[in-house]
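The sequence and structure are shown first.

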Amino acid sequence: MAALLQKLLGPQTALAASSRVVGRREASLGIDAGVAVRVRFAPSPTGFLHLGGLRTALYNYIFAKKYQGSFILRLEDTDQTRLVPGAAENIEDMLEWAGIPPDESPRRGGPAGPYQQSQRLALYAQATEALLRSGAAYPCFCSPQRLELLKKEALRSYQTPRYDNRCRNLSQAQVAQKLATDPKPAIRFRLEEEAPGFQDLVYGWNQHEVASVEGDPVIMKSDGFPTYHLACVVDDHHMGISHVLRGSEWLVSTSKHLLLYQALGWQPPRFAHLPLVLNKDGHKLSKRQGDIFLEHFMAAGFLPDALLDIITNCGSGFAENQMGRTLPELITQFDLSRITCHSALLDLEKLPEFNRLHLRRLVSSDAQRRQLVRKLQALVEETFGSQLRDRAVLDPAYLERIILLRQGHVCRLQDLVSPLYSYLWTRPTVGREQLGAISEKVDKIAERVLGLLERSGASFTQDMLNRELKKLSESLEGTKHSEVMRLLRVALSGQPQGPPVAEMMVSLGPQEVWERIQKVLSS
């Protein structure tokens with residue numbers, strides 16, 4: 001855009017025009033000069049962090065960093081019956097592992113804390129009291145049994161279950177009488193007939209007449225804990241949240257939340273509802289699938305950048321759909337106005353290819369490559385332990401050589417400790433009979449290779465080895481080059497498949513190749 005304007009209008013005019021374009025876009029997003037951008041990711045610790053949650057967190061993080069704002073983690077743990085032990089810690093651990101740590105959180109603290117709803121009950125009680133005083137809320141004495149009967153009756157009549165607002169018009173005397181026997185009723189919010197409309201930053205103009213399809217919702221349960229509707233409004237207000245980026249499943253509830261803002265006399269934030277993430281077959285990601293949780297991907301050796309890349313690549317919010325973007329590039333290129341209403345189809349079968357790209361990028365950095373060497377060292381020790389041919393295979397120079405030679409060929413660092421690459425760390429057991437089935441000239445080929453190793457000296461490179469092995473094959477009358485390569489591959493690795501033979505020889509080094517070929521002659 002800026003380049004086109006400069007070409008058409010000239011540098012100074014283009015700069016001014018470009019600034020106006022950016023200014024209009026920011027104004028349309030509700031970003032005002034001098035007003036801090038504050039967004040929040042507010043999961044419920046009823047389970048560990050999964051890809052759908054990561055995507056919501058990522059879009060909030062990107063939006064905050066693009067506009068020099070703050071990214072807040074708030075744990076919505078008011079449903080105490082469904083809390084999963086360790087889930088709260090896991091959510092924050094996984095955000096840090098993914099490279100999108102919150103600026104404020106239960107662990108980090110911050111000026112708007114505490115950041116767990118179970119520790120903010122006094123604020124919800126204050127808001128509830130204000131709503132009761134103004135008449136916007138009322139106590140409900142209906143028993144769980146009665147509410148269940150209402151639900152069953154509605155379902156029998158093929159109607160949407162809804163509360164019949166029975167307690168809405170109780171007189172003060174009736175309320176006082178009931179409070180004498182039930183001092184801890186639930187509190188319901190009076191839904192207005194005309195809910196305010198709003199301009200969603202993704203879905204456009206929305207208005208949902210919630211009062212015509214729903215009964216008055218509970219905002220405070222009898223146990224003193226708020227429901228989501230009250231808690232998110234109170235917290236977003238007191239935490240100064242400027243923009244709410246959340247899943248599209250909350251789109252219909254937003255009119256209800258705006259009624260609460262209105263009743264409390266508070267200014268609401270701007271809303272942007274993100275379309276769902278679906279499997280490539282169009283079904284919703286299920287938490288029952290163990291392989292959508294971030295811990296699964298971390299344990300399997302996938303890189304955080306690859307996950308961030310694929311979950312933004314499958315959706316929208318960017319001018320171009322490309323692979324290989326890093327987090328700084330995602331921040332620079334992100335445009336909230338480009339998010340569409342279409343669900344994002346996530347094809348996890350493509351994740352290995354995304355990981356290959358990001359792994360190769362890490363290999364190209366000296367500092368990152370050193371980290372990869374240390375990780376590979378730990379993987380080799382953990383996988384092979386006492387089976388290692390010797391401790392030399394843990395030497396950083398050897399490990400770095402393997403990584404450099406295999407970059408672009410492996411998708412994960414873990415691939416290098418798979419059975420296909422076991423020959424790098426252990427010596428294979430290869431029998432004469434196995435080699436003889438490939439070629440009758442086992443000894444002759446082995447002797448020629450040993451001679452090649454003696455002559456190679458310092459020029460032990462893939463190009464040199466490819467040339468010399470070709471000559472070696474040509475010198476053996478009646479022997480095909482492919483036959484020589486198959487024999488050497490099995491002699492060196494014990495396997496019929498793998499990297500090119502010349503690369504295998506460079507990986508192992510001349511001394512190890514010498515010892516393995518000598519073993520062939522002595523077997």
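## Contacts and overall form

Two residues are in contact when they have heavy atoms within 4.5 Å of each other. In this predicted model, 74% of the contacts between residues at least 6 apart in sequence join residues at least 24 apart. The secondary structure of the chain consists of 22 helices and 11 strands.

The radius of gyration of the chain is 32 Å, whereas a compact globule of 523 residues would have a value near 24 Å. Along the principal axes, the C-alpha atoms fill a box of roughly 110 × 65 × 45 Å. Buried residues account for 49% of the 523 in the chain. The accessible surface amounts to about 25500 Å², and carbon and sulfur atoms contribute 51% of that area.

## Domain arrangement

The chain is divided into domain 1 (119–274), domain 2 (294–355), domain 3 (365–422) and domain 4 (432–522). Taken over C-alpha atoms, the centres of domain 1 and domain 3 are separated by 56 Å.

## Helix H9

The buried residues are Tyr228, His229, Leu230, Ala231, Cys232, Val233, Val234, Asp235 and Asp236.

Which elements cover these residues of H9? The cover includes the strands E1 (38–41), E7 (218–220) and E8 (243–247), together with the helices H5 (121–134) and H10 (254–264). After H9 comes glycine 240, which has a positive phi near 65°.

## Helix H22

Helix H22 comprises 13 residues, 510–522, and its first and last C-alpha atoms lie 18 Å apart, close to the 18 Å expected at 1.5 Å a residue. Its buried residues are Glu512, Val513, Arg516, Ile517 and Val520. These residues cover an arc of only 130° around the axis, and therefore lie on the same side of H22.

On the face of H22 turned away from its buried side are the exposed residues Gln511 and Ser522.

Key. Residues are numbered from 1 along each chain as its sequence is written. This is a predicted model: local features need pLDDT of at least 70, side-chain atom pairs count only at pLDDT 80 or more; totals for chains, interfaces and linings use all residues. Side-chain values use heavy atoms; hydrogens and water are left out. Buried means under 20% relative accessible area, exposed over 50%, partly exposed in between (1.4 Å probe, protein chains only). Helices (H or I, at least four residues) and strands (E, at least two) are DSSP runs, numbered from the N terminus. Domain bounds come from an automatic or database domain assignment. The expected span of a helix is 1.5 Å times one less than its number of residues. The arc is that of the directions from the helix axis to the C-beta atoms. The radius of gyration is taken over C-alpha atoms; the globule rule is 2.2 Å times the number of residues to the power 0.38. Accessible areas come from the Shrake-Rupley method with a 1.4 Å probe; for residues, only the protein chains shown count as cover.
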